[in-house]
Amino acid sequence: MEPDLMDGQDTADQAGARVVSLTVNGERRGALAPVRMTLADFLRHELGLKGTHLGCEHGVCGACTVIMNGDAVRSCLLLAVQSDGAAVETIEGLAADGELGPLQQAFHRNHALQCGFCTGGFLMSITAALREGPVETDDAAREVLSGNICRCTGYAGMIKAVRETSAELYRDRP
Amino acid sequence: MSAGNAAGAPRPVIGTRVARREDYRLLTGRGKFLDDLEMPADTCEAAFLRSPHGHARILSVNTSAALDVPGVLGVFTGEDILPMMKPLPAKVAHPDLQEIPRLPMALDAVHYAGEPVAVVVATSRYIAEDAADLIEVDYEPLPAISSTAAALAPGAPLAHEGARDNVAVHVTQRAGDPDQAFAAAPHVLSETFTVVRGGGHSMECRAVAARFDTVTGQLVVWDATQAPHYARNALAVLYDMPEDDIRLIAPPDVGGGFGPKAQFYGEEAVIPWVAMQLRKPVKWIEDRRENFISAMMERTQTHRVQVAFDDDGLLIALKDVFEHDQGAYVAGLQVPMITLSTVPGQYKIPNIHTELYSCFTNMVPTSSVRGAGRPQAVAAMERMMDRVAEYLGLDPAEVRRRNLIQPDEFPYKVGLMFRDGSPLTYDSGNYPELLRGTLERLGYDAWRARQAELRGKGRLLGIGIACYVEGCGLGPYEGAKARLTNSGEVLVTLAAAPQGQGYETVYAQIAADAMGLDMSYIKVTTGDTGRIPFGQGTFASRITATAGPAVLRACQELRDRIFATAAVMLKTEGKNFVFRGDRVTLAEDEATGATLKQVTQVANVGKHGITLLRGVRAGLETSSYFAPERAAYASGAHAVVVEVDPETGRTEILKYVIGHDCGTVINPLLVDGQVLGGFAAGIGNALYEEQFYDDTAQPQTTSYLDFSLPSAAEVPPVELFHVQSPSPLNPLGAKGAGEGGTIPAPAAIANAIEDALRPFGARINEMPVTPPKIVGAITGTRGNPGSRQNRSE
């Protein structure tokens with residue numbers, strides 16, 4: 001996609017803007033980003049990926065977690081320009097062809113979400129953790145979840161969802 | 001005409017674990033939160049300039065530098081919005097309330113750090129914040145009040161210049177003859193407890209957007225609120241506009257509420273107003289720093305509580321005099337008024353005196369936060385129950401058992417008034433069974449033995465219990481509409497707005513059973529004043545018990561109307577119908593029927609200019625507003641085992657059991673979710689969440705680096721069971737489920753910690769019980785078992 005260099009009315013910011021090109025959920029994307037714009041705002045407002053949410057904008061709540069070059073990162077603490085050339089994954093990429101993936105299904109089954117505002121961040125944190133290896137105890141699941149904050153669920157459903165997804169993903173692996 | 005149990009008719013779904021309809025969009029990043037809505041391309045963003053002082057006069061405001069910033073469309077101070085500058089009324093008031101106006105934005109003085117002073121509208125939030133920094137305000141700081149103790153101190157400065165004093169309201173409630181009872185009682189214990197409660201900390205902060213349609217004259221407001229009709233009504237008064245010209249929509253997804261979003265704020269008044277002035281859509285998304293300093297929270301109550309009892313531990317009298325921090329303005333008295341009547345809880349107490357001093361301070365106004373004044377009341381009562389047991393050398397569970405209201409004593413009149421204006425009358429419950437079941441699941445006797453054994457080895461285990469009664473399902477009413485749409489679907493329209501409770505699922509369940517129709521043909525829509533004219537909002541665990549019966553009745557009537565239409569169409573009057581799939585069929589003959597589409601075609605769509613079939617009533621739409629006679633009362637018991645590390649002050653929860661009674665459980669999956677989520681808030685309340693203000697009323701906890709919310713690592717496993725005592729006050733038997741996980745947690749955990757520390761005779765009188773308080777309690781009282789209080793007056 002060609003970045004639209006004339007896009008945006010933020011005239012005060014245009015002088016310090018850069019073109020940011022990256023891969024998002026496997027698709028090449030690009031847009032103009034003021035240098036001070038966070039990655040979260042860039043994903044949400046410039047690329048229209050509103051599933052990444054902002055809960056605190058100081059790196060604690062984890063609602064804005066995305067996966068960048070394989071690592072779970074806080075997109076509120078990164079600048080958009082730092083993602084130039086990177087491969088970024090967001091919640092929008094989790095359901096291939098609209099079909100819920102195993103972790104999303106486990107969340108649904110176990111009522112692991114209520115208001116759903118923090119859910120995207122949790123899904124991305126867990127996705128990154130499960131790629132590193134299985135999560136085999138409740139305590140290990142708590143550890144995986146402890147970098148994000150949910151105010152609705154009390155986490156019980158999420159702990160089950162992490163364990164069940166881990167068991168499913170690693171069922172046939174040594 | 002009844003649904004019956006004919007072959008092929010759907011099975012009831014109330015009481016079953018139906019997974020949520022809302023989940024798919026939320027799990028795929030397609031939720032409809034306010035800041036995710038696709039607003040018009042010319043939508044501007046707003047940023048507020050807020051007071052840096054707890055209390056100050058505003059001498060001058062200069063906005064010219066801000067207006068010069070490229071991209072800024074407007075800057076508005078209090079002076080600039082004078083046409084709508086009216087006081088925002090208190091949500092719950094009292095005849096004796098000292099009136100201090102709460103204005104949408106400050107005019108000539110500020111009364112808390114965080115109070116809005118000006119708003120900047122610009123093409124982006126980044127630019128709006130840049131410009132807000134350039135507004136020059138000349139303040140003359142004044143002495144600020146940063147606690148109720150400071151507010152009530154003799155000669156204290158005033159939180160508001162010109163006020164009578166710092167007492168917003170002083171209210172006393174009495175039952176029996178407490179003075180005489182205390183004078184004659186064999187034993188009296190007294191203590192002072194302080195309970196700090198945090199903020200709501202919904203993960204989505206507050207948010208408002210507005211667009212004025214110059215063609216129709218309609219103002220559309222999107223508001224991440226718990227109470228859309230309440231907000232719409234407030235705007236209509238402020239702007240002097242007919243309510244139909246304001247359409248206020250709570251987006252389908254609101255990222256948590258927990259009480260603070262049920263209040264009405266100045267920002268909600270300012271944003272639509274400036275959108276009208278600028279003729280541009282304007283959006284304000286609160287950031288977390290603003291949320292810490294300007295969203296309402298609950299903060300601190302100090303209770304001076306006294307109980308009188310006999311040699312067997314039977315309660316004779318209760319007296320609780322407490323201070324409530326109302327903040328800089330009275331946004332509502334609901335929290336302290338609830339506290340006033342929640343203290344007696346599950347116990348038979350013939351003589352009661354509760355007394356409130358609600359104080360003005362120079363901190364952000366306080367509001368309900370999940371639990372809403374009940375955790376403090378329960379702490380006052382339940383902490384004293386443990387003291388009574390200790391004093392008499394009795395088991396704390398036994399002391400409670402002896403005092404419980406029995407199942408055959410309902411309706412039970414406590415002798416006080418509840419905050420809904422009706423006499424405090426418990427409708428139903430089974431308190432002995434809640435306590436018995438909770439202690440059995442905890443393994444109470446075995447833990448007591450283990451505690452004694454480990455004490456010998458120097459390990460500090462403690463067991464805590466707390467019981468509560470929760471007034472819920474409050475009036476005045478809640479409404480619902482049901483309609484057969486042109487496409488043959490049943491559309492249920494709720495006035496109430498959800499913040500994660502799963503209304504689209506729960507109310508489809510209730511509608512399905514009311515109609516005997518499969519859920520898949522029912523859709524639920526929520527929180528839009530343009531779709532249903534009257535409503536109150538989601539707060540006080542009230543919606544299932546109010547909107548639930550409204551949906552039930554509206555859908556029963558719609559079912560009857562659909563059946564009557566089908567009877568005319570099929571010429572089968574007087575026969576019984578049932579739904580089979582999307583067909584209305586004779587109960588006895590499934591071949592005779594009509595589809596919902598055919599029915600709507602006849603009664604709703606009609607044929608232009610052709611006479612309606614004789615006997616058919618046009619317009620298959622019903623509405624119902626359910627007004628409960630009075631509040632319902634949910635109840636529960638929590639029991640917990642903790643181990644305390646005396647060196648670090650760390651508390652580990654070894655076991656936690658919740659017995660919960662919210663009457664009829666509509667969807668066990670979602671009710672468990674409510675209780676477990678409330679429990680996590682209770683853990684935060686008991687052990688972690690505490691905001692600090694310094695002596696000049698400067699907030700010291702303004703990020704999650706200073707203020708701890710529980711993560712998955714802090715919330716222990718919990719065993720939950722339900723006792724179902726249906727409420728006789730509504731046809732579903734429902735009560736509230738949103739707060740029972742939270743209410744008794746601080747009391748139960750503090751009781752357990754004090755029990756663990758009993759070898760030291762240490763007193764835990766301040767909640768949350770953070771590690772420094774535990775270490776302080778031990779070191780302050782080590783070797784001083786005489787701190788036990790005997791009869792004091």
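A: Chain B is divided into domain 1 (23-31 + 475-626), domain 2 (34-142 + 201-294) and domain 3 (371-472 + 631-785); such bounds come from an automatic or database domain assignment. This is a predicted model, in which local features need pLDDT of at least 70 and side-chain atom pairs count only at pLDDT 80 or more, while totals for chains, interfaces and linings use all residues. Residues are numbered from 1 along each chain as its sequence is written, with chains lettered from A and ligands numbered from 1 in the order in which they are written.

Q: How do you know what confidence the predictor places in chain B?
A: The pLDDT is the predictor's confidence in each residue, from 0 to 100. On that scale chain B has a mean of 95, and 98% of its residues reach 70 or more. Residues 782-793 of chain B fall below 50, and this stretch has 15 contacts in the model beyond near neighbours in sequence. Where pLDDT is low, the predicted coordinates should not be read in detail. For the model, ipTM is 0.95 and pTM is 0.95.

Q: What makes chain B as compact as a globular protein of that length?
A: The radius of gyration is taken over C-alpha atoms, and the globule rule is 2.2 Å times the number of residues to the power 0.38. For 793 residues the rule gives 28 Å, and the radius of gyration of chain B is 28 Å, close to that value, so chain B is as compact as a globular protein of that length. The C-alpha trace of chain B spans about 95 × 70 × 45 Å along its principal axes.

Q: What share of chain B is called buried?
A: A residue is buried if 20 or more other C-beta atoms, placed from the backbone, lie within 10 Å of its own, exposed if 12 or fewer, and partly exposed in between. By this criterion, 59% of the 793 residues in chain B are buried.

Q: What makes a set of residues a nonpolar core, and which residues have the most contacts inside the largest one?
A: Such a core consists of buried Ala, Val, Leu, Ile, Met, Phe, Trp, Tyr and Cys residues joined through C-beta atoms within 7 Å. The largest has 313 residues, and those with the most contacts inside it are Val120(B), Val492(B), Ala511(B), Val551(B), Ile749(B) and Ile753(B). Helix H15 (residues 543-570) of chain B gives the most to this core, with 13 residues.

Q: Which residues is Val551(B) in contact with, leaving aside its neighbours within four places in sequence?
A: Two residues are in contact if their C-beta atoms, placed from the backbone, lie within 7 Å. With those neighbours set aside, Val551(B) meets this criterion with Ala480(B), Val492(B), Tyr507(B), Ile510(B), Ala511(B) and Ala514(B).

Q: Which element gives the largest share of the side of chain B that touches chain A?
A: The contact takes 46 residues from chain B and 49 residues from chain A. Helices H1 (23-27), H3 (125-133) and H17 (668-688) of chain B each give two or more residues to the chain B side, and H17(B) has the largest share, seven residues. Helices (H or I, at least four residues) and strands (E, at least two) are DSSP runs, numbered from the N terminus.
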